[in-house]
Amino acid sequence: MNVAIDQLRKVLELEQAKGYRDLAVMGGLDKFLRKLSPTAPKLARMLSLSYSGLDEGEREKWVRSVLEQLATGTPKAQPLPQTAARGREPPPQRPQSDIDRYLDASITSIKGISSSLATKFGKLGVKTLHQLLYFFPRRHIDYSQRKLISELEVGLEQTIVATIWEAAEMTTSNRRRATQAIVGDESGNMKVVWFNQPYLAKKLTPNSQVVISGRVALFRGRKVFESPEWEHLESNDLIHTGRMVPVYPLTAGLSPRVVRRLVKGTLDRWLPKLPDFLPEGVRRGVELLPLYEAIAQAHYPDNELSKDQARRRLAFDELFLIQLGVLSKKRDWQQEGTGNAFEVDGHCLEPFFNSLPFTMTTAQKRAFAEIQEDLSKSKPMSRLLQGEVGSGKTVVATAAMLVAAAGGYQAALMAPTEILAEQHFESICGLLSRVSGEAGNGKPVANYASLLPHPISVGLLTGGLRESSKQHLQESISSGEINIIIGTHALIQKGVEFPQLGLCVVDEQHRFGVMQRWELRSKGSSPHVLVMSATPIPRTLALTLYGDLDLSVIDELPPGRIEIKTKWLSPRQRQSAYEFVRKQIAGGHQAFIICPLIEESEAIDTKAAVTEYERLSQGVFPELRLGLLHGRLASPEKEEVMRRFRSGALDILVSTPVVEVGVDVPNATVMLIEGADRFGMAQLHQFRGRVGRGEHQSYCLLLAESPSADARQRLSLLERTQDGFALAEEDLKLRGPGEFFGTRQSGLPDLKMAKLSDMELLELARREAIRLFDTDPYLQQSEHGLLAREVSRLWESGGELN
């Protein structure tokens, strides 16, 4: 420790000599003391690390006090005023209203941010002080490695401390105005050029010392810095050079230097006043940085390790708050009213299960048993039934609806489109007809007299029904005559009343917002809710996305299902692929052709799809019947195109990625995907699931122009693997979660630091959230007040969970 004390004494004496301007060491005294921590932790703990936030008088008093202690022995703890910029001691917690007031204040309250600048920050989603603190850089440039001029290497990012010998405005050979400077240190001199910045010539005064950071180039055989970052060495704390420098998102009118200066000033002023909302027991238990330190290190890290530790803390916060949010949603749903406990008679469903044209898989039986147990309780069921295409979710949902009907309750199944609703109606009626031996009488109402101990009716309610038929069906639902109602959004419209709604089933969960699900539930008195999704999502991720729901997974396909043959083709094999499609159609089958996703622009994607449709229908398949489906078609037009394809009136459906999930076209045997390298495996697997729905061998052809190494890995894996859950796991590792949900399809608050592919942190956050929720579900304990406010803040800014 003596070496550390001697080193500290020298630094503080130099600081005295420089007039307490925080110039004794590069990066400031705070940074020096942080670096002292590993070598002399006891000494560092006794000294506050908040020097940069003090005024000159406070600095002088503190330095003198520490030097006096060093002269007599080991210093005692020297507390600093709470206005310090960065301290290891946690900031004091302030009253709730005070915290809200300064965190939610407009950024125009920050010195240097005008209303004009605030408008530009607003385009980046930064409108309040809190949002600016959490406006994290996209990446960092490491300028921390200081070198002498003679040691500089061409092509690397490096930093020098040099003296300006001369600086002048110049015009380059291509007539660009610039500033050229000659700088030097004890090892030599070199040239520095700043293009398009002639005004710098006046700022770079001779004999001043500067820190220069950037990439070293070679010009006419000599090393030169071209447009590097720079700042005067007299700066209290380096912002643009000599450290890991943040690179922030920008917009027109915001320069990197302006953003860095404003963010740094805000951090220094406000971080010491930011209380930590995470309970201390949780933070220490999972070994996380204090909040103020994590935010500081996320912006201006000391090194890569500090940066990683900051990201881990901030990512944990996001996942932890999300978990608390979804757990509270589940609690509210289950406690808002008493549900209907169904009397489940297992014998009444035996004829249904025995008549199925296949044996239910173990996974189907397990899922139904979980649902059946929920239905027998007065606590309303809130369950997600997850299983990929063809796994048999509809059979399980049908059995659940029969349990409701057998108990004298109504069941409603809501699908996102008329085609899917009609498909469910036909599929369910087909199963019930097989059991009862009755035809059922067809649309829009099918009746079955001998299926259960009492007759039941199944109705189909969609927006496309004639007004007279719709009105008659609504009256039958309101009177309780219809036991099982299948439909679209029409189910939640005014005029549809359910006297005994006991079970709501929502198909393709991700297609409905929380309000639509709520509206269907509100048609009854705390009905049980079952939502279904065909998107294969790893279990931990599903628990995060749908944490307000219990989870049942059908993770196996029925035996004997024919595997879809998948082939990755190069562009030169395109004609062979077209011939294969033509051959399949000649054999009486149909095909999908998916157009490549160019970018997240529906207009551009539509144009590409229209162009491709015209090329295929006129130049490649002029003798065949082609249809076109894209996102800008009106809903009735989409429905009509899909109806024609499903009925066999079209041979080939050319589509953008909007092709309906869940649409069953058993006669379609080929899925041809153009630009397959532009999609993730989860989405490609969903496309592949559109074929193979019948008894014929089906094929998925993947065309890729010039796939990257990662894309080749994905396409190769898709060729070999049919397991959607295994593909989803790999897709998360390779590309992250975006392929499952689109930009905001998950309905989750925006994630700035967390990665949904980080399963270990997901599990940790979920475990800690459940543990805390079990002890204080309403976050009413005094130590959880700040946490409750932060949960509200995150969910208010991020929207609602779908």
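**Exercise 1.** Determine in which sense strand 18 (residues 590–594) and strand 20 (residues 652–655) pair, and over how many bridges.

*Solution.* The two strands pair in the parallel sense, over four bridges. Strands are DSSP runs of E with at least two residues, helices runs of H or I with at least four, both numbered from the N terminus; two strands pair if DSSP finds at least two bridges between them. Within this pair, phenylalanine 592 has leucine 653 of strand 20 as its bridge partner. The structure is a predicted model, in which local features need pLDDT of at least 70 and side-chain atom pairs pLDDT 80 or more, while totals for chains, interfaces and linings use all residues. Residues are numbered from 1 along each chain as its sequence is written, and side-chain values use heavy atoms, without hydrogens and water.

**Exercise 2.** Classify the packing of helix 16 (residues 418–436) against helix 22 (residues 635–647).

*Solution.* The axes lie 9 Å apart at an angle of about 40°. Angles under 35 degrees count as roughly parallel, over 145 as roughly antiparallel, 65 to 115 as roughly perpendicular and the rest as oblique; helix 16 and helix 22 are therefore oblique to each other.

Notes
Axes are lines fitted to C-alpha atoms, for helices over the stretch in contact, and angles run from 0 to 180 degrees between N-to-C directions.
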